[in-house]
Amino acid sequence: MPNAGVTIIGLNRLRHRFDELRETWGGTHSWVVGSSGVEYAVYLETGTKDMPAYPWFRPAVIHVMRAQADDIADSVDSIDELVEELAKAMMNQMKKNVNAGEAEDRSPGTDDEHPKVQLGNLRASITARRIR
């Protein structure tokens, strides 16, 4: 995959944390969450020289891990089920972040001036899918 010149701070730490969880608890399933096919998604997340960042991905991951992960963990019976439910919760929060009409509907850390109506293609492109 070509390098787009983008670094998402904390992503490697999060990936290592999931690897540690897999080693500790087992599990064989892997899920991918995010947007595919919408090239401007990364520009909204990180900004450009001409546009401020309007994060939608990172605030969703942080919000789910801080506010929902414990409840989700208490409701599942296996690590594979936990990963699936976390992936779906992150997907749902990402969709809320890009499409919310009011700032209160978004994750903390999402810009109040985040574009709203014109993000239908991005919202539709956000998925959580099992890859293994």
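This report walks through the fold, the core and a few side-chain pairings of the chain shown above.

## Ground rules

The model is predicted, so local features need pLDDT of at least 70 and side-chain atom pairs count only at pLDDT 80 or more, while totals for chains, interfaces and linings use all residues. Residue numbers start from 1 along each chain as its sequence is written, and side-chain values use heavy atoms, with hydrogens and water left out.

## Overall layout

The chain has six helices and two strands. Both kinds of element are DSSP runs numbered from the N terminus: H or I over at least four residues for helices, E over at least two for strands. Reading from the N terminus, the order is α-β-α-α-α-α-α-β.

Of the 132 residues in the chain, 33% are buried. Here buried means under 20% relative accessible area, exposed means over 50%, and partly exposed is in between, using a 1.4 Å probe and protein chains only. The accessible surface of the chain is about 8600 Å², and carbon and sulfur atoms own 50% of it; the areas come from the Shrake-Rupley method with a 1.4 Å probe, and for residues only the protein chains shown count as cover. As for contacts (heavy atoms within 4.5 Å), take those in the chain with a separation of 6 or more: 66% of them link residues 24 or more positions apart.

## The nonpolar core

In soluble globular proteins, nonpolar side chains tend to be buried together. A nonpolar core, for this report, is a set of buried Ala, Val, Leu, Ile, Met, Phe, Trp, Tyr and Cys residues joined through side-chain atoms within 4.5 Å. The largest one in this model has 25 residues, and the members touching the most other members are Val33, Trp56, Leu86, Met90, Met94, Leu122 and Ile126. Two or more residues each come from α2 (41-46), α3 (57-67), α4 (69-74), α5 (79-99) and β2 (126-130). Helix α5 supplies the largest share of this core, with nine residues.

What does Met90 touch, leaving out residues up to four places away in sequence? Its list is Phe18, Val33, Ala60, Val61, Val64 and Met65.

## Around Trp56

Search the whole structure and you get one aromatic pair. The ring centres of Trp56 and Phe57 are 5.8 Å apart and the planes sit at 85 degrees, so this pair is edge-to-face. The rule takes rings of Phe, Tyr and Trp (its six-membered ring) with centres within 6.5 Å, calling planes under 30 degrees apart stacked, over 60 edge-to-face and the rest tilted. Trp56 and Phe57 are both buried.

Asn97 lies in helix α5 and is buried, at 0% relative accessibility.

## Salt bridges

The count is two salt bridges, each needing a side-chain nitrogen of Lys or Arg within 4 Å of a carboxyl oxygen of Asp or Glu. One joins Arg58 and Glu45 at 2.6 Å, N to O. Arg58 is in helix α3 and Glu45 in helix α2, so the pair ties together parts that are 13 residues apart in sequence. Arg58 is partly exposed at 29% relative accessible area, whereas Glu45 is buried at 4%.

Glu84 and Lys88 make a salt bridge too, with their closest N and O atoms 2.7 Å apart. Both lie in helix α5, four residues apart, or about one turn of the helix. Glu84 is partly exposed at 25% relative accessibility, and Lys88 is partly exposed at 31%.
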